[in-house]
Amino acid sequence: MKKYLTLTNGASGQKFPIDLTQILGFEDSTASTTQMTIIFRPIIGNEDLRLRISHDAAPNAYAFQNWFVGEMERILAGNWREVEDAPAPPYAVTAIFIV
C-alpha cells in the first residue's frame with residue numbers, strides 16, 4: 001500500500017505528493033542548509049530517481065531532512081487507511097524538482 005507526504009511549493013503553490021514507500025534514502029553529498037535530495041527506487045532499469053527539495057535556510061544541513069524523516073516515520077506507522085498527509089514543514093519549500 002502506498003503512503004504519501006505532500007509538500008507544497010511555496011513559490012508556485014503546486015502540491016507535490018511524495019511516495020514514502022519508494023524512498024531508498026537521502027543523498028548526503030548534496031545536503032545543505034537550503035536543500036535536500038531524496039533517492040527513490042528506479043521505476044525502470046537501474047537508474048535511481050532523485051528529487052531535490054529546496055527550502056528556506058535552516059540552522060544546519062540536516063534540519064529539514066530530520067524533520068522529513070520524523071514525519072515519514074509518523075505517517076508510515078500511522079493508520080493505513082489514511083494514505084496522504086500534508087504536514088507543514090519548519091522551513092518553507094521554495095522548489096521541488098527531479099535531478
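**Close-up views of a predicted model**

View 1. M1 is found in the segment before strand β1. This is a predicted model, numbered from 1 along each chain as its sequence is written, in which local features need pLDDT of at least 70 and side-chain atom pairs pLDDT 80 or more. Helices (H or I, at least four residues) and strands (E, at least two) are DSSP runs, numbered from the N terminus. M1 is exposed, at 66% relative accessible area. Exposed means over 50%, buried under 20%, and partly exposed in between (1.4 Å probe, protein chains only).

**View 2. T6 sits in strand β1**. The strand covers residues 4–8. T6 has a relative accessibility of 4%, so this residue counts as buried. Which residues does T6 contact, beyond its neighbours within four places in sequence? They are K15, F16, P17, E84, D85, A86 and P87. Contact means heavy atoms within 4.5 Å.

**View 3. The largest nonpolar core holds 21 residues**. A nonpolar core is a set of buried Ala, Val, Leu, Ile, Met, Phe, Trp, Tyr and Cys residues joined through side-chain atoms within 4.5 Å. The members that touch the most others are L7, I18, I23, I38, I53, F64 and F68. Elements giving two or more residues to this core are β1, β3 (23–26), β4 (35–40), β5 (49–55), α1 (63–77) and β7 (93–98). Which element gives the largest share? Helix α1 does, with 6 residues. I23 shows some of the packing: setting aside neighbours within four places in sequence, I23 is in contact with I18, I38, I39, F40, F68 and M72.

**View 4. M72 lies in helix α1**. M72 counts as buried, at 14% relative accessibility. Residues up to four places away in sequence aside, M72 touches L5, L20 and I23. M72 and D19 are 53 residues apart in sequence. In space, their C-alpha atoms are 9.9 Å apart.

**View 5. I96 has its place in strand β7**. Is I96 buried or exposed? At 14% relative accessibility, I96 counts as buried. Leaving out neighbours within four places in sequence, I96 is in contact with L7, N9, F16, L51 and R52. V69 is 27 residues away from I96 along the chain. The C-alpha atoms of I96 and V69 are separated by 17 Å.

**View 6. D19 and K2 form a salt bridge**. Side chains of opposite charge can pair when their charged atoms come close. A salt bridge is a side-chain nitrogen of Lys or Arg within 4 Å of a carboxyl oxygen of Asp or Glu. The whole structure has 5 of them. In the D19–K2 pair, the closest N and O atoms are 3.2 Å apart. The pair links distant parts of the chain, 17 residues apart: D19 is in strand β2 (residues 15–19), and K2 is in the segment before β1. D19 is buried, with a relative accessible area of 12%. K2 is partly exposed, at 38%.

**View 7. R50 and E27 form a salt bridge**. Their closest N and O atoms are 2.4 Å apart. R50 lies in strand β5 and E27 in the loop between β3 and β4, so the pair ties together parts that are 23 residues apart in sequence. R50 counts as partly exposed, at 23% relative accessibility. E27 is buried, with a relative accessible area of 15%.

**View 8. R74 and D85 form a salt bridge**. The closest N and O atoms are 2.5 Å apart. This pair also links distant parts of the chain: R74 is in helix α1, and D85 is in strand β6 (residues 84–85), 11 residues apart. R74 counts as partly exposed, at 41% relative accessibility. D85 is partly exposed, at 26% relative accessible area. Elsewhere, salt bridges that share partners join E27, D48 and R50 into one network.

Conventions:
Heavy atoms only, no water.
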